[in-house]
Amino acid sequence: MASHGLNILGLGSIQTLVAGVAAAAISTLCVSSVFNVKSDQNPGVIRSFFIFFYSCFIKPHQGDSKGNQQDALESFYKKQAGAYDATRRLLLRGREDMLALVAAQLQSKTETNKNKRVWVDIGGGTGFNIEAMAEFVDVPNYFTSVYLVDFSPSLCEVAKKRFERLGWKNVRVVCEDARKFRLEDYESGSASASAPPRSPALSYFSKPRPDYGGADLITMSYSLSMIPDYYSVIDSVISLLSPQGILGVVDFYVQNKVDFAFRNYTGGLVDRHVNFLSRAFWRSWFDFDRVGLEPSRRDYLEYKFGTVLNVNTRNQSLGAIPYYIWLGCHKKPFSSSSLPHEIVERIDALATESPYLHPANQGDALTRAIEKSAPEIRSKAFITAVQNLSSNLPLPSFFYQNHHWRIYYDDQLKKHTQFNDEYIYAFTWEDTRVDERLLKLGPDDKVLAITSAGDNILSYLTQSPARVHAVDLNPTQNHLLELKAAAYTAGLPYDDFWKIFGDGKHSQFRDILVHKLSPHLSGRAFQYWLKNVQVFQNSNGYGLYDTGGSRHAIRVFRWIARIFGLQTAVKQLLEAKTLNEQREIWRKKIRPALLSKLVCNLVVAQESFLWAALGVPKNQLAMIEADHAQSDLVKGRKPVAKNTRSHAIWHYMVNTLDPVAEETHIAEDNPYYYVTLAGKFSRKCHPDYLSPNAHAKLSRPNALDGLRIHTDELEEVIARITPGTLTVAVVMDSMDWFDPGARAAAQQITKLNRALAMGGRVLLRSSALAPWYIKEFEAHGFTAKRHGARIDGACIDRVNMYASCWICTKTENLPPPTPEMDRIGGADITNLTL
């Protein structure tokens, strides 16, 4: 039967109709709200988003018909100019970070007598960036002049009203094509400023662009992607930027790793790759609004300038939109005291201990190499620089850093990527007090040492040697050392320094990294720590000292403590007032559980645990087992142990831990075991570099000028050190890693002999009482002396992790190296032009 009245449509149709009417009403309201707002008004938040949605996704770009970029921009921005700032905060992420980074760079470069400082903000729009910069510097007083250059009259009007409201007289809004903007047309005192006005076109063609300009800072915030002719704009920036100026860019991007994986001048590739779906989606999406995400924009920027820092990240609030922050400088390094090619030469000299350390003494080093008056030893940094320059490419970013501590390395090599961006040691297991007593470093010493966590490197630097070369194959171990060096150089207050490296946690670490430490870090180190800020800002964990590969061993101990109920005993041990009190706690409560055969057999004796948690390679494990097999425990009149791995490891643990617990006061004077148990250092018990005196000394200007950080094999670095220049080499236990009987150990010892001066010393530690390679040292121009041995329960240092400690002293030179070794510096070079 047919229904009557309202039932004719049915309930579902009524709902659809009501929904349609409501949608129409909302649409009408939205359109009405858009058309009822003037461009210079500041609408409310909700209305602002309606305007934004309409302008971006509904309204056509009427300016297209005229073929004029300014008309197109005005068509897009005129209606939403007043709502621009309210709607871009969520979309345009990274602007504040970019400003903080460039401000930090400027402040690190600031000359005390500089009385003029200029900033040009290209595509500055409404002036948001310039006002936001006030969080980092006093804009009206720090900058003599600020120029906002934008091609949209509507946005420029908003900017003018902003600065009128703020009362900033040093800011000038210029509504002009960025390609035609010339600083000399506005700055008083310049040659062109006094000339009579001429036609802009005549001026443009008659005055050639200079190689550099007077702007100390140039920024581009989400403007590069909206400039169709971006090549000419990037080219024009070169003539605007001062010799020591900084260029900062933040923008959207998408890029495949195949485009950039082979480049060595990008300053790091962390998170730069964007997957196929994201690339396709975001590029198509932004095309609707004439925003170009093609990789060539960023590629050309990196080609025309030298990269200082860069960040690749995602706007997680809006679908993980990829964006980057990039800081750069002139492609050709400028120096007030050196020609550009001499800068490359000097950095090479710093890496190789070349005698030609000062430009006045260099002459033409390249001519010397050609003439072969003496073999030239070249660093990998120098060789790479020459390769880039011969291809007209920028130098690797290491050459553009404020400090030349970090020597260039290729981060894409498998020998570096094998570590999966993870350091093994968060603190160093070497007793620096013993090192200081044995080595007695002086002002003429040149030291080469393995980096580890950098604690020992910094301890050596407090003794003021001429040079310290830190070497580690794992890039992240050197990132950790760089972070500590940056904290000193940035003048970080001791309380902040202690929170980061003493407590291992700082709630404001990211802010400190961006605002204070960034100018003093290499691009790759900065990328790493920005990606891993949770190491220090983890509110629930132990912080720095619960990270790295060695954390597995520390966590195993905590696991054992929980299972056996030792938490209270561990706390008592850390609070023990006297050594006798500590001994009682150790003997009665902790030792029975920790040194139980069950724990040893199930966990510690496993080869996978020894490598992953303790960094013990198979050759070192074999040395431990060999010593055990020859010991009285196995071969004595009354054997008490079996010749098995589990027994060897158990007795090695006993010989390590018992003397430490019996002879060293952990709560007061053994930071190595204190941090293992507590997860942090204490104000009483900490490494040398964490003391107030060390902080004060290493924070002085130029205190770390003698530091060189090499990311490579030890042998590779030694081979490129000028012969006879090193006085000390600290190789830790690295010799234990060599295969017995192989030529590798002899080759490294030969190179050590070549690099060391007569009387130079090699300090090493070993898991064996009498390591097999000592004979190799004696056969290659060294005399060896053992300075510590774990015999009869002896505690040779506060770590006591190794069975013996040796110093091998160079007593004779080996025969001259073969021509093949001489050619390690690479092919002859006839010309070097920047």
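**Stop one: the inside**

The largest cavity holds about 80 Å³ of space. To find it, select F252, Y253, E294, R297 and Y324, the closest to its centre among the 14 residues that line it. Here a cavity is a set of points on a 1 Å grid over the protein atoms alone where a 1.4 Å probe fits but cannot get out, and lining residues have an atom within 4 Å of a point. Points are joined across faces, edges and corners, and the volume is the space filled by probe spheres set on them.

Next, colour β5 (241–252) and α12 (296–304), the elements that give two or more residues to this lining. Helices (H or I, at least four residues) and strands (E, at least two) are DSSP runs, numbered from the N terminus.

This is a predicted model, with local features needing pLDDT of at least 70, side-chain atom pairs counting only at pLDDT 80 or more, and totals for chains, interfaces and linings using all residues. Residues are numbered from 1 along each chain as its sequence is written, and side-chain values use heavy atoms, leaving out hydrogens and water.

Select D271, in the loop between β5 and α11 (276–287). D271 is not a glycine, yet its phi is positive, near 65 degrees. Then jump to S452, in the loop between β8 (446–450) and α19 (455–461). S452 also isn't a glycine, and its phi is positive at about 55 degrees.

Buried or exposed: which is S452? S452 is buried, at 6% relative accessible area (buried means under 20%, exposed over 50%, partly exposed in between, with a 1.4 Å probe and protein chains only). D271 counts as partly exposed, at 36%.

Technical notes
1 Å grid on protein atoms, 1.4 Å probe; cavity = no way out; pocket = protein on both sides within 12 Å on 5 of 7 lines; lining within 4 Å.
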